[in-house]
Amino acid sequence: MPLSFSEFTDFCGVEFASGRSVGIALGGEPVLFDEMLTRYLEYGGMPAIASLKTTQAQHSAYMSGVYEAIAVRDIINHERGKGKSAVTDSSLLRHVAEFLADNIGNECSSNGIAGALTSAGSKTTNKTVSSYVTALEEAFLFYRAASYDLHGKALLKTNPKEYIVDTGFRTWMAGYRVTDLGRLFENAV
């Protein structure tokens, strides 16, 4: 599991006094709270690379390795080991993960995802997409959040939202174009 923002600041050796927007790192240099939060939202909180000095290249190499381990070992090989054939295409799995990552905080349906992927050239069905989303959730790469204030039939009329385990995965999958800090912040919360 990735670090929370509080754990990330502790891990980086930065302490912010209550109500202060400037903290002091272990080396004595000042660190702005906003810059630290932006760095956390962009690079995430994976402990192995949690540092104020992590470069984009280091982050990319690490996230790529973690994703490949999750996608290949934890999902595709696990499905084969169970005798299932629901998740077999690593390219389609990556497309579904990228779609979910790009749409964190938005309501998503298997039909909508399948339609978007088909129009982009990846022919698939809503049943296949549903299997892939479930596999990504079982591997703890994404988490489903249903509305909590709805009851009865209203629950059936809304789609759940998907959130990614670490915002650094979203940034890596999106090619390091941080365009919507609001969604990253919502995901972190």
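Reader: Hi! Before we start, what counts as a helix or a strand here?

Author: Hello! Helices (H or I, at least four residues) and strands (E, at least two) are DSSP runs, numbered from the N terminus. Keep in mind that this is a predicted model.

Reader: What box do the C-alpha atoms fill?

Author: Taken along the principal axes, the box is roughly 55 × 40 × 30 Å.

Reader: Let's talk helix packing. At what angle do helix 4 and helix 6 cross?

Author: Helix 4 covers residues 90-102 and helix 6 covers residues 126-138; their axes cross at roughly 75° and come within 10 Å. Angles of 65 to 115 degrees count as roughly perpendicular, so that is how helix 4 and helix 6 lie to each other.

Reader: Nice. Which residues meet there?

Author: From helix 4 you have Leu92, Leu93, Val96, Ala97 and Leu100, and they meet Thr128, Tyr132, Val133 and Leu136 of helix 6. Sorted by class, this contact has eight nonpolar residues, one polar and no charged ones.

Reader: What about helix 5 and helix 6, how far apart are their axes?

Author: The axes are 8 Å apart, and helix 5 (residues 110-119) packs against helix 6 at an angle of about 110°. Helix 5 is therefore roughly perpendicular to helix 6. On the helix 5 side the contact is made by Ser110, Asn111, Ile113, Ala114 and Leu117, and on the helix 6 side by Asn126, Val129, Ser130 and Val133.

Reader: How do the residues of that contact divide by class?

Author: For helix 5 with helix 6, five are nonpolar, four are polar and none are charged.

Reader: One more packing question: at what angle do helix 2 and helix 9 pack?

Author: Helix 2 (residues 33-43) and helix 9 (residues 181-188) pack at about 85°, with 10 Å between their axes. That angle makes helix 2 roughly perpendicular to helix 9. Leu37, Tyr40 and Leu41 of helix 2 make the contact with Leu181, Leu184, Phe185 and Ala188 of helix 9. By class, the contact of helix 2 with helix 9 has seven nonpolar residues, no polar ones and no charged ones.

Reader: Changing topic: what volume does the largest pocket have?

Author: The largest pocket has a volume of about 240 Å³. Its lining has 14 residues, and Ile164, Val165, Asp166, Asn187 and Ala188 lie nearest the centre. Strand 4 (161-164) and helix 9 are the elements that each give two or more residues to that lining.

Reader: And how does the lining divide by class?

Author: The lining of the largest pocket has 10 nonpolar residues, three polar and one charged.

Reader: Last topic! How many aromatic pairs does a search of the whole structure find?

Author: The search finds seven aromatic pairs. In one of them, the rings of phenylalanine 5 and phenylalanine 33 have centres 5.3 Å apart and planes at 85°, so the pair is edge-to-face.

Reader: Where do those two sit in the chain?

Author: Phenylalanine 5 is in helix 1 (residues 5-11) and phenylalanine 33 is in helix 2, so this pair links distant parts of the chain, 28 residues apart.

Note on methods. Residues are numbered from 1 along each chain as its sequence is written. This is a predicted model: local features need pLDDT of at least 70, side-chain atom pairs count only at pLDDT 80 or more; totals for chains, interfaces and linings use all residues. Side-chain values use heavy atoms; hydrogens and water are left out. Axes are lines fitted to C-alpha atoms, for helices over the stretch in contact, and angles run from 0 to 180 degrees between N-to-C directions. Angles under 35 degrees count as roughly parallel, over 145 as roughly antiparallel, 65 to 115 as roughly perpendicular and the rest as oblique. Contact means heavy atoms within 4.5 Å. Ala, Val, Leu, Ile, Met, Phe, Trp, Tyr, Cys and Pro count as nonpolar, Asp, Glu, Lys and Arg as charged, and the others, Gly among them, as polar. On a 1 Å grid over the protein atoms alone, a cavity is a set of points where a 1.4 Å probe fits but cannot get out, and a pocket is an open set with protein on both sides within 12 Å along at least five of seven lines; lining residues have an atom within 4 Å of a point. Grid points are joined across faces, edges and corners, and a volume is the space filled by probe spheres set on the points. Rings of Phe, Tyr and Trp (its six-membered ring) pair if their centres lie within 6.5 Å; planes under 30 degrees apart count as stacked, over 60 as edge-to-face and the rest as tilted.
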